[in-house]
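Please look over the structure shown here, with attention to the spaces inside it and on its surface, and to the helices around them.

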Amino acid sequence: KKKKKKKRSQVSSILDQSLQLWRLTLVHHLKLHVPIIIGTFFNDCAFVIKSLESLSLCVFALRINSPHQIIKVILKEIESISRIQTQKLDDFFKTQVREIEERVTSVGLQSSSNPEKKQRIQQSFEFAILQLDGLDKTWEDVLSTETKTKWMSGLVQAIYKTVLEQLHEITDFPEDETHALHSLLSDFFRRTLSVVSSDQTLETVSKSVSVDASDWQKSVARFANSIDFLELSMVQIVERYTEGSLRNCFSADEVRWWIKALFSDTTFRQNNLSRIV
């Protein structure tokens, strides 16, 4: 009985120490929003969670009487730490997205063939890329590759969505405008891809995705095809859709919108629109 009481006391002591470490981590980091501190906080939480999981296994291995109460406390703390760990990174993620969105949307993409406007668009894109590149370099040796890739790809996805929303505010694309936008967006796409994965390039991106493709793959395919639309002929766009390569990243209505925005209202256009079903 004395041995079992001693074991229980040791387990309780380790649990208290782990929770004390967690509380110190929480107090030290919770109000800070510096990228490297956010990454360190995420890792510290992961370390405490791992320690608590190992401790829960020890409780059973040591054959302590009535272990369920201790396990219940441990599981409750793990759940709490996991929630705050994810929430902290998610809040930071939303702040970064909001800052980049505000910069991009304040400039817009209309009149991109105008030299002055083109420069402003380039500056807004440069701001986004510098933000992404800074985060990527900061988190390189802080977060695991898997965690960093997950959050960075999520951030880039959100930016792609914002850029496409800005593109859809243009309802009529003059020819000089399509060329200017194609150049601007191709460069932006290439540079943002390289931040998330050095293996992905404009040449290796898959523009046709399956139904069960990841959100990241669909986002990339959607953005890549949208850039292509700016330079493709009407027949080429319709053929991509009818052969099925666009169906898992664009609806029929979205493809019709592109056709109407890019090409003049003619019988030829009406005939091609009727093929998009």
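The largest cavity has a volume of about 30 Å³, and a search of the whole structure finds 1 cavity of 30 Å³ or more. Here a cavity is a set of points, on a 1 Å grid over the protein atoms alone, where a 1.4 Å probe fits but cannot get out, while a pocket is an open set with protein on both sides within 12 Å along at least five of seven lines, and lining residues have an atom within 4 Å of a point. This is a predicted model, in which local features need pLDDT of at least 70 and side-chain atom pairs count only at pLDDT 80 or more, whereas totals for chains, interfaces and linings use all residues. Residues are numbered from 1 along each chain as its sequence is written, and side-chain values use heavy atoms, with hydrogens and water left out.

**The largest cavity**
- Its lining is formed by Phe92, Phe93, Gln96, Leu135, Trp139, Trp151, Met152 and Leu155, and the elements that give two or more residues to this lining are α3 (68-107), α4 (115-139) and α5 (145-167); helices are DSSP runs (H or I, at least four residues) numbered from the N terminus.
- The lining residues of the largest cavity divide into 7 nonpolar, 1 polar and no charged.

- The 40 residues of α3 should span 58 Å at 1.5 Å a residue, and the end C-alpha atoms of α3 are 59 Å apart, which agrees; the expected span is 1.5 Å times one less than the number of residues.
- Just after α3, Gly108 takes a positive phi of about 75°.
- The axes of α3 and α4 come within 8 Å and cross at roughly 165°, which means that α3 is roughly antiparallel to α4 (angles over 145 degrees count as roughly antiparallel).

**The largest pocket**
- The largest pocket has a volume of about 240 Å³, and the elements that give two or more residues to its lining are α5 and α7 (215-229).
- The largest share of this lining, 6 residues, comes from α5.

Conventions:
Points joined across faces, edges and corners; volume = space filled by probe spheres on them. Nonpolar A, V, L, I, M, F, W, Y, C, P; charged D, E, K, R; others polar. Axes fitted to C-alpha atoms, helices over the stretch in contact; angles between N-to-C directions. Parallel < 35°, antiparallel > 145°, perpendicular 65-115°, else oblique.
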